[in-house]
Amino acid sequence: MDVMYWLIIVIMFIIGFIGLVYPIIPSVLFILGGILLYGVFYSFETFNWMFWAIQILLVLLLFCADYVANLAGVKKFGGSRAGIWGSTIGILVGPFVIPFLGIIIGPFIGAVIAEMVVHKKNPVVAAKIGFGSVIGFVGSVVTKSIIQLFMVIYFLFTVL
C-alpha cells in the first residue's frame with residue numbers, strides 16, 4: 001500500500017508542476033494536496049508548526065511572485081492595467097484556443113489587444129508590451145518552479 005500512497009502523492013506534485021504552464025490548474029493546491037494526503041495516509045505528527053509556517057509563507061510567496069512578475073513584465077515595456085488584464089486573460093484562454101503554443105501566444109495577444117483597444121496604442125508599441133507580458137509570464141513560471149520545488153524538497157526532507 002505504501003507504493004500506492006506515494007504514487008498518489010507524487011502524481012499530485014507532478015500535476016502541481018504541470019499547473020505552472022497551464023494556469024487553469026491550481027498548482028499550489030496540488031502541492032498542498034500531496035502534503036495533506038501524506039498526513040491522511042500516514043500521520044500529521046511529522047508536520048510541526050514550523051513546517052506549516054514555512055509552507056504557508058512559500059504559498060504567499062508564490063502568489064506574490066505570480067503577480068509581481070506579470071506586473072513587472074508589462075510595466076517595464078510601457079504597459080498599463082489593461083495590458084496586465086489582457087495578458088492574464090490570454091494566459092487562461094490561450095492554451096485552449098491554440099493547444100501547445102497558446103500558453104506563450106495567449107498573453108502576448110491578450111496584452112496587445114487590450115492596449116490597442118483601451119489605450120489606442122499603435123500596433124508596434126502594443127506588440128512591445130505584449131512581448132513584456134510573455135517575459136513576465138516566463139519569469140513567473142521560473143520563479144514559481146523554484147518555490148514549488150523548494151516546497152516539495154522541504155516536505156521530503158521533513159518526512160524521510
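What pattern does the protein chain follow when read along the sequence? The pattern is α-α-α-α-α-α. The model is a predicted one. Its secondary structure comes to 6 helices and 0 strands.

**Overall dimensions and surface**

The C-alpha trace spans about 60 × 30 × 20 Å along its principal axes. Of the 160 residues in the chain, 39% are buried. The accessible surface comes to about 9,000 Å². Carbon and sulfur atoms hold 81% of that surface. Among contacts with a separation of 6 or more, 65% join residues 24 or more positions apart.

**Packing of α4 and α5**

Helix α4 covers residues 81-97, and helix α5 covers residues 102-118. Their axes lie 6 Å apart, at an angle of about 145°. The crossing of α4 past α5 is right-handed. On the α4 side, the contact is made by Ala 82, Gly 83, Gly 86, Ser 87, Gly 90, Ile 91, Gly 94 and Pro 95. On the α5 side, the residues include Gly 102, Ile 103, Gly 106, Pro 107, Gly 110 and Ala 111. Ala 114, Glu 115 and Val 118 of α5 also take part. By class, this contact has 8 nonpolar, 8 polar and 1 charged residues.

**Aromatic pairs**

A pair of aromatic rings is described by the distance of the centres and the angle of the planes. The chain has 17 aromatic pairs. Two of them are set out here.

| Pair | Centre to centre | Angle between planes | Class |
|---|---|---|---|
| Phe 13 and Phe 155 | 5.5 Å | 75° | edge-to-face |
| Phe 150 and Tyr 154 | 6.4 Å | 0° | stacked |

Phe 13 sits in helix α1 (residues 2-18), and Phe 155 sits in helix α6 (residues 123-159). The pair therefore ties together parts that are 142 residues apart in sequence. Both Phe 13 and Phe 155 are buried.

Why does the pair of Phe 150 and Tyr 154 count as stacked? The planes of the two rings stand at 0°, and planes under 30 degrees apart count as stacked. The centres, 6.4 Å apart, fall within the 6.5 Å cut-off for a pair. Both residues belong to helix α6, 4 residues apart, so about one helical turn separates them.

Tyr 154 is buried, with a relative accessible area of 16%. The cut-off for buried is under 20%.

Notes:
Residues are numbered from 1 along each chain as its sequence is written. This is a predicted model: local features need pLDDT of at least 70, side-chain atom pairs count only at pLDDT 80 or more; totals for chains, interfaces and linings use all residues. Side-chain values use heavy atoms; hydrogens and water are left out. Rings of Phe, Tyr and Trp (its six-membered ring) pair if their centres lie within 6.5 Å; planes under 30 degrees apart count as stacked, over 60 as edge-to-face and the rest as tilted. Helices (H or I, at least four residues) and strands (E, at least two) are DSSP runs, numbered from the N terminus. Buried means under 20% relative accessible area, exposed over 50%, partly exposed in between (1.4 Å probe, protein chains only). Axes are lines fitted to C-alpha atoms, for helices over the stretch in contact, and angles run from 0 to 180 degrees between N-to-C directions. A crossing is left-handed if the near helix is turned anticlockwise from the far one by less than a right angle, and right-handed if clockwise. Contact means heavy atoms within 4.5 Å. Ala, Val, Leu, Ile, Met, Phe, Trp, Tyr, Cys and Pro count as nonpolar, Asp, Glu, Lys and Arg as charged, and the others, Gly among them, as polar. Accessible areas come from the Shrake-Rupley method with a 1.4 Å probe; for residues, only the protein chains shown count as cover.
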